[in-house]
Amino acid sequence: MASRGDFNLLTFDSYSDYLKSFTKTEEYRYLGGMKVIKTFVKLGYRTNATIYDEAEFHKIRKRLLELINPKSTRSQLFSRYLVGDDPALVAFAEREERNVQKKLSTIIFLQIRRRNGFDISGYIDYADSLQKCTTRSLGATNWKAVFEGRILLKPNRNHLSFYDWHSGIVCFNNSNNYEVVNYGASLCFKHIGDHKIVPVTTADSSFKDNVKRQLIQSPMYGCVAIYDHIVRKSP
């Protein structure tokens, strides 16, 4: 594993620049040329620090870049377990990687009928739900089982919102990505990263350009509403 000091490698764009950092201007006069100076540096005459050869430099630098800019790979995504072609599950799968990378922030609205004949509904922060599954948080949705079709994705009292149509219980919760906000009579969510307001209503809103709404008819889930917000990066 790279040490704390190794992060200094990220300040150099090339191996040549890395070696030059160990030299002084007057050395060009006495040693005659860059080739000789690089040789001395590689041999450790200029410093007590570890001098990496060119292959080590690029290998460690690449590892450090991956460490500070993690990228999801197909082998790490729950959607690799997708079974069948249910439109809702396919839509979730298509959005998973971008949600994990925080390029896209998706809110899922579901209304599910329980065995007692009454419905429950709610808004789910997709990225937050995926993260909790990855970290195995208490009460997290098992997304592997969802994509395999073994269980249904269901709203619960810990999601952004939850409504039990039988008991009348209503719950609202902030997530790692959203704050629940009210604009008049409309329910909205404020993205914590870029502070954009995401409306989840068909009514006209001054914030409507912050989200794209898609309705999906699914044999497994009925009508599913998906709200996609493209995350704006800070300049």
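Tutor: Before we start, two strands pair if DSSP finds at least two bridges between them, and strands (E, at least two residues) and helices (H or I, at least four) are DSSP runs numbered from the N terminus. This is a predicted model, where local features need pLDDT of at least 70, side-chain atom pairs count only at pLDDT 80 or more, and totals for chains, interfaces and linings use all residues. Residues are numbered from 1 along each chain as its sequence is written, and side-chain values use heavy atoms, with hydrogens and water left out.

Student: Okay, how many bridges join β1 to β2?

Tutor: Find β2 at residues 119–125; β1 and β2 run antiparallel. The number of bridges joining β1 to β2 is seven.

Student: Which residue in the hairpin of β1 and β2 takes a positive phi?

Tutor: Look between the two strands, where there are five residues. The one with a positive phi near 90° is Gly117.

Student: Which residue in β9 stands opposite Ile108?

Tutor: β1 also pairs with β9 (residues 222–230), in the antiparallel sense over six bridges. In β2, Ile108 stands opposite Ile124. In β9, Ile108 faces Ile226.

Student: Moving on to β5 and β6, which residue of β6 is the bridge partner of Val181?

Tutor: β5 (residues 178–183) and β6 (residues 186–191) run antiparallel, joined by six bridges. They form a hairpin with two residues between them, and Gly184 in the turn has a positive phi of about 70°. Across from Val181, the partner is Cys188.

Student: What kind of aromatic pair do Trp143 and Phe147 form?

Tutor: Rings of Phe, Tyr and Trp (its six-membered ring) pair if their centres lie within 6.5 Å; planes under 30 degrees apart are stacked, over 60 edge-to-face and the rest tilted. Here the centres are 5.6 Å apart with 40° between the planes, so by that rule the pair is tilted.

Student: Why are Trp143 and Phe147 separated by about one helical turn?

Tutor: Both sit in helix α7 (residues 143–148), and both are buried.

Student: Which residues do ring pairs link into a cluster?

Tutor: The whole structure has ten aromatic pairs. Ring pairs connect a cluster made of Phe92, Tyr126, Trp143, Phe147 and Tyr221.

Note on methods:
Buried < 20%, exposed > 50% of the residue type's maximum accessible area, 1.4 Å probe, protein only.
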